[in-house]
Amino acid sequence: YMLTPRALGETQVTATSGQTCRIEVAVTDEGGAPVPAVVPLRVELLDPEGRPAEPTGYYGAADGKLTINYEPASNDVRGEWTVHVVNLANGDEKAAGFEL
């Protein structure tokens with residue numbers, strides 16, 4: 001069970017590439033404010049061939065925010081990568097992509 005002052009709203013995901021790839025997840029309440037709780041998330045980082053990369057796993061978004069910094073290896077596959085996030089508290093699923 002998870003109790004929050006207001007119902008959960010949207011899960012937002014952004015991903016940017018560079019020397020370090022930055023993945024940001026924000027979980028808001030129905031009014032658009034960050035959720036004052038630790039929201040359980042399943043984050044999957046997929047390479048262009050659909051294989052999961054190292055930061056794939058379960059996370060908690062403290063106060064509705066999560067940032068993951070991923071440093072690509074020199075042998076990582078180049079192309080369009082995908083971040084898929086499932087909010088385990090309400091089932092909301094979102095995805096974002098970035099070029100490596």
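Asp 63 sits in the loop that joins strand S4 (57-62) to strand S5 (65-70); strands (E, at least two residues) and helices (H or I, at least four) are DSSP runs, numbered from the N terminus. Although Asp 63 is not a glycine, its phi is positive, at about 55°. Most residues other than glycine have a negative phi.

The model is a predicted one, in which local features need pLDDT of at least 70 and side-chain atom pairs count only at pLDDT 80 or more, while totals for chains, interfaces and linings use all residues. Residues are numbered from 1 along each chain as its sequence is written, and side-chain values use heavy atoms, with hydrogens and water left out.

**Overall build**

The protein chain has seven strands and zero helices. Read from the N terminus, the order of its elements is β-β-β-β-β-β-β. The radius of gyration is 14 Å, close to the 13 Å that the globule rule gives for 100 residues, so the protein chain is as compact as a globular protein of that length. The radius is taken over C-alpha atoms, and the rule is 2.2 Å times the number of residues to the power 0.38. Along the principal axes, the C-alpha atoms fill a box of roughly 45 × 20 × 15 Å.

Of the 100 residues in the protein chain, 36% are buried, meaning under 20% relative accessible area with a 1.4 Å probe and protein chains only. Among contacts with a separation of 6 or more, 54% come from residues 24 or more positions apart; a contact means heavy atoms within 4.5 Å.

**Aromatic residues**

The structure holds two aromatic pairs. Rings of Phe, Tyr and Trp (its six-membered ring) pair if their centres lie within 6.5 Å; planes under 30 degrees apart count as stacked, over 60 as edge-to-face and the rest as tilted.

| Pair | Centre to centre | Angle between planes | Type |
|---|---|---|---|
| Tyr 70 and Trp 81 | 5.9 Å | 40° | tilted |
| Trp 81 and Phe 98 | 6.2 Å | 25° | stacked |

Trp 81 lies in strand S6 and Phe 98 in strand S7 (residues 93-99), so their pair ties together parts that are 17 residues apart in sequence. Tyr 70 in strand S5 and Trp 81 in strand S6 (residues 80-87) are 11 residues apart, and their pair links distant parts of the chain.

Tyr 70 is buried, with a relative accessible area of 9%. For Trp 81, also buried, the value is 2%. Phe 98 is buried as well. Together, Tyr 70, Trp 81 and Phe 98 form one aromatic cluster.

Note on methods
Buried < 20%, exposed > 50% of the residue type's maximum accessible area, 1.4 Å probe, protein only.
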